[in-house]
Amino acid sequence: MIIIITPREFKRISEPAREDGRAPDEIRPIKIEAGILERADGSSYLELGGNKILVAVYGPREAQIKRLQRPDRAVIRCRYNMAPFSVEERKRPGPDRRSVEISKITAEALRPALILEKFPRSVIDVFIEVLEAEGGTRCAGITAASVALADAGIPMKDMVVACATGKVNGNIVLDLSEEEDKKGEADMPVAILPRNKQITLLQSDGNLTEEEFKKALNLAIKGCLKINKIQKEALKKKYGE
Amino acid sequence: MDIIPEIVRENITNLINKKERTDGRALDEFREIFIETGVITKAEGSARVKLGNTQLIVGIKPQIGEPFPDTPDMGIIITNSELLPMASPTFEPGPPDERSIELSRVVDRCIRESKMLNLEKLCIIEGSSVWLLFIDLHIIDYDGNLFDAAVLATVAALRDTKLPTTKIEEDEIILDYDNLQPLPLEDTALMCTFAKIGDQIVLDPNLDEEEILTARLSIGMRSDGIICAMQKGGEGPLTIEDIEKAIKITKEKIPQLIEQLDKTIGDL
């Protein structure tokens, strides 16, 4: 997996810069590729700063587990998993409470974009593998997953795109790095449907005033729209205009 | 297990009996091999290997821990593999199944028994502190022959691994991250896996071949031709001639594999 440093897209503004030199509304270098795995029905690879995320989609396929089946539509199932070598201290393989929660909210974040009524009694599996983590993996996972779903040919009303905002050193900033997430006062991951700007994921961890929240949400939407362009480019690169 | 139509089975078998393969390879030919190291910045060593369309990532994370009581002066390697559900429609999420455990154990055996890694040099304080190396195999795309791809990726990741140097001052271990050093690797061992199909044995079975094989044989071999690990699999038997032939081909192929590894990521 080659790291390609994308040129910085945001103009510097006069607010105080961050530890890694970014402007408050600047995302880390990002790269997305679609359709990189052979066996999966759809796949994508995403790098965002130090994050490396691989997503595979299988389906729609028959739901093996009967109780999962819905008579009128397909179900989406997500599995967010971190590689043991993805973090500083080796992570024990297998799901923990954090990854189970992220899997659940990821499925719910993606669900509104999918047209599932065409595939009754089937399941769409989304496997998100965090190969390397550097803050903001759940958002990166959602962004990459929707590219992989599109690559799998799953009918969708829109892409889903996610980006975190938060409060670091009293400033509202976009796309928190691992350092900023650790030190910061608040972290707020947001996913949207870019066409109508509806929110499909909202979490917040830390303290924000109402004003700060509004500012953060606005910033998150701005960030999502930027990332959405890169999602579309990845699909265009794979499939042409 | 995928279900293979009878007609595909017959087609592959008939071709192989005529010494041909569906993908045009010779019976003793590997698929295209791609090796890349240093792919995971947060791992002390890592590699990505593609063998045809089979693809995996290996990451190595060290820790300091206690040695086993019977080997107080030796470091420890712990090999673990995940056949991720992303890699194949037939892989299920959940704790490692028997296939995954067999894979990790065979890879572990090939590395350990070849003595390519001098475990004594991974001892810090005899009886109390040694390096533990976690070797994690992450299978992301499965198109047959995980064994050879996994051993190759593990060896590449071991060669990529850098540990901090250690000093002991007043019974405390001091890790010097400014002076990193490579692992004490003294040789290279790799693996060749064969499938018995019809009355032939073929090297590096792809997924379809793996599904229809009657027997499988993996041979781990050091650069000097010493066999360091073997594993027979599959429901059918092998003849002594099959095994001797497999060893002969392995002896030819291992130096070529080592050469390719050296060329891609530098000599040992």
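The model is predicted: local features need pLDDT of at least 70, side-chain atom pairs count only at pLDDT 80 or more, and totals for chains, interfaces and linings use all residues. Residues are numbered from 1 along each chain as its sequence is written, while chains are lettered from A and ligands numbered from 1 in the order in which they are written. Helices (DSSP runs of H or I, at least four residues) and strands (DSSP runs of E, at least two) are numbered from the N terminus.

**The two chains**

- Chain A has 4 helices and 10 strands, and from the N terminus on its elements go β-β-β-β-α-β-α-β-β-α-β-β-β-α.
- With a radius of gyration of 17 Å, close to the 18 Å that the globule rule gives for 241 residues, chain A is as compact as a globular protein of that length. That radius is taken over C-alpha atoms, and the rule is 2.2 Å times the number of residues to the power 0.38.
- Along the principal axes, the C-alpha atoms of chain A fill a box of roughly 55 × 40 × 35 Å.
- Chain B comes to 5 helices and 12 strands.
- For the 268 residues of chain B, a compact globule would have a radius of gyration near 18 Å; chain B has 20 Å, which agrees.
- The box for the C-alpha atoms of chain B, again along the principal axes, is roughly 70 × 40 × 35 Å.

**Where the chains touch**

- Chain A puts 23 residues into the contact and chain B puts in 29 residues. Two residues are in contact if their C-beta atoms, placed from the backbone, lie within 7 Å.
- On the side of chain A that touches chain B, β3 (51-62) and β5 (122-132) each supply at least two residues.
- The largest share of that side, 4 residues, comes from β5(A).
- By type, the residues on that side of chain A split into 13 nonpolar, 3 polar and 7 charged. Here Ala, Val, Leu, Ile, Met, Phe, Trp, Tyr, Cys and Pro count as nonpolar, Asp, Glu, Lys and Arg as charged, and the others, Gly among them, as polar.

**A helix pair in chain A**

- The axes of helix α2 (residues 137-151) and helix α4 (residues 210-239) of chain A come within 10 Å and cross at roughly 30°. That makes α2(A) roughly parallel to α4(A).
- Axes are lines fitted to C-alpha atoms, for helices over the stretch in contact, with angles from 0 to 180 degrees between N-to-C directions. Angles under 35 degrees count as roughly parallel, over 145 as roughly antiparallel, 65 to 115 as roughly perpendicular and the rest as oblique.
- α2(A) passes α4(A) in a right-handed crossing. A crossing is right-handed if the near helix is turned clockwise from the far one by less than a right angle, and left-handed if anticlockwise.
- From α2(A), A:Thr143, A:Ser146, A:Val147, A:Ala150 and A:Asp151 meet A:Ile227, A:Gln231, A:Ala234, A:Leu235 and A:Lys238 of α4(A). The residues of this contact of α2(A) with α4(A) divide into 5 nonpolar, 3 polar and 2 charged.

**Helix α3 of chain B and its partners**

- Helix α2 (residues 98-113) of chain B and α3(B) have axes that come within 10 Å and cross at roughly 50°, and the two are therefore oblique to each other. Their crossing is right-handed.
- In that pair, B:Leu103, B:Val106, B:Val107, B:Cys110 and B:Ile111 of α2(B) meet B:Leu146, B:Phe147, B:Ala150, B:Val151 and B:Thr154 of α3(B). The tally for this contact is 9 nonpolar, 1 polar and no charged.
- Helix α3 (residues 146-160) also pairs with helix α5 (residues 240-265) of chain B: their axes come within 11 Å and cross at roughly 40°. α3(B) and α5(B) are therefore oblique to each other, and α3(B) passes α5(B) in a right-handed crossing.
- B:Leu152, B:Val155, B:Ala156 and B:Arg159 in α3(B) meet B:Leu257, B:Leu261 and B:Ile265 in α5(B). The contact of α3(B) with α5(B) holds 6 nonpolar, no polar and 1 charged.

**Backbone notes**

- Most residues other than glycine have a negative phi, and most peptide bonds are trans.
- The peptide bond from A:Gly59 to A:Pro60 is cis, with omega near 0°; A:Pro60 lies in strand β3 of chain A.
- A:Arg121 has a positive phi, near 65°, and sits in the loop between α1 (97-110) and β5 of chain A.
- In chain B, α1(B) is followed by B:Lys19, whose phi is positive, near 65°.
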